[in-house]
Amino acid sequence: MTWIKALLDLAYPRFCVVCGQKLSAQEEHICTLCLATLPRTNYHLHLENPMEEKFRGKIPLEKTAALYFYQKGNLSCNIIHQLKYKQQPEIGIFFGKIYALEILSSGFFNGIDYLMPVPLSTQRYKQRGYNQAEMIALGISKVTNIPIAPPVIKRIHNNPTQTHKNRIERVLNTEHLFLAESTETLSYKHILLIDDVVTTGSTLTACASSLTNTSGIRFSILTLGYTL
Ligand SMILES: [Zn+2]
């Protein structure tokens, strides 16, 4: 009931994940102003776009989508920061849902058979307690009813620190990050790979590449953040 919600808000105020302002009883995780002004990419509306260019020719790719431009130092980085490092898995589910609702009518999800969150290594999963990409996928699945793919990929290790590596070294570094087994169920399927942010695209490329021996498989990619 709304009055209970209003009372709870008085006792335990909730704050916008982006700007830190107090949320109203109707708002969840993000205030109306921040949601309206998130710098959206709208890449889902264009088959050819800068995100798609990162994967072109490397994997069998159909479509790409990213909710917003993720630039270091911008307040909107707080979304991913809270999701990954502040034990707030529900932020992933929430933004997965609102992004899916936002682009549903564009037909972006048409023809997609499975959602596949990029896995974390066992060690990182134990550390964090959840996989943030899986939380985003759960939110999308709630809206679209597209199932999460069977867990046929394992992440063998996490990306080593890459701060001092150049782009080519980073790509080599991520080549054997994933191991795929029993992938027959994914034959001739269209998989939507999901991650929190795309930067160089090398992790997502490595993830898809571990599956490219599967007959007829093809991919689309969705992330919350896109780094220019
Ligand atoms: Zn805000």
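**Strand β6 and its partners**

Author: In β6, Gly-225 is the bridge partner of Val-197. The chain reaches β6 from β5 by way of helix α9 (residues 202–209), and this β-α-β crossover is right-handed, a term used if, with the strands pointing away from the viewer, the path from the first strand over the helix to the second runs clockwise. This is a predicted model, in which local features need pLDDT of at least 70 and side-chain atom pairs count only at pLDDT 80 or more, while totals for chains, interfaces and linings use all residues. Residues are numbered from 1 along each chain as its sequence is written.

Strand β5 (residues 190–198) runs parallel to β6 and is joined to it by eight bridges, where two strands are said to pair if DSSP finds at least two bridges between them. Strand β1 (residues 61–69) also pairs with β6 in the parallel sense, over six bridges, and here Leu-222 of β6 is the bridge partner of Ala-65.

Strand β6 itself (residues 218–226) is mostly covered, since eight of its nine residues are buried, that is, 20 or more other C-beta atoms, placed from the backbone, lie within 10 Å of the residue's own. Of the 228 residues of the protein, 37% count as buried.

Around this strand, the secondary structure of the protein comes to nine helices and six strands, which are DSSP runs numbered from the N terminus (helices H or I, at least four residues; strands E, at least two). The C-alpha trace spans about 55 × 40 × 35 Å along its principal axes.

Terms used
Buried ≥ 20, exposed ≤ 12 C-beta atoms within 10 Å, placed from the backbone.
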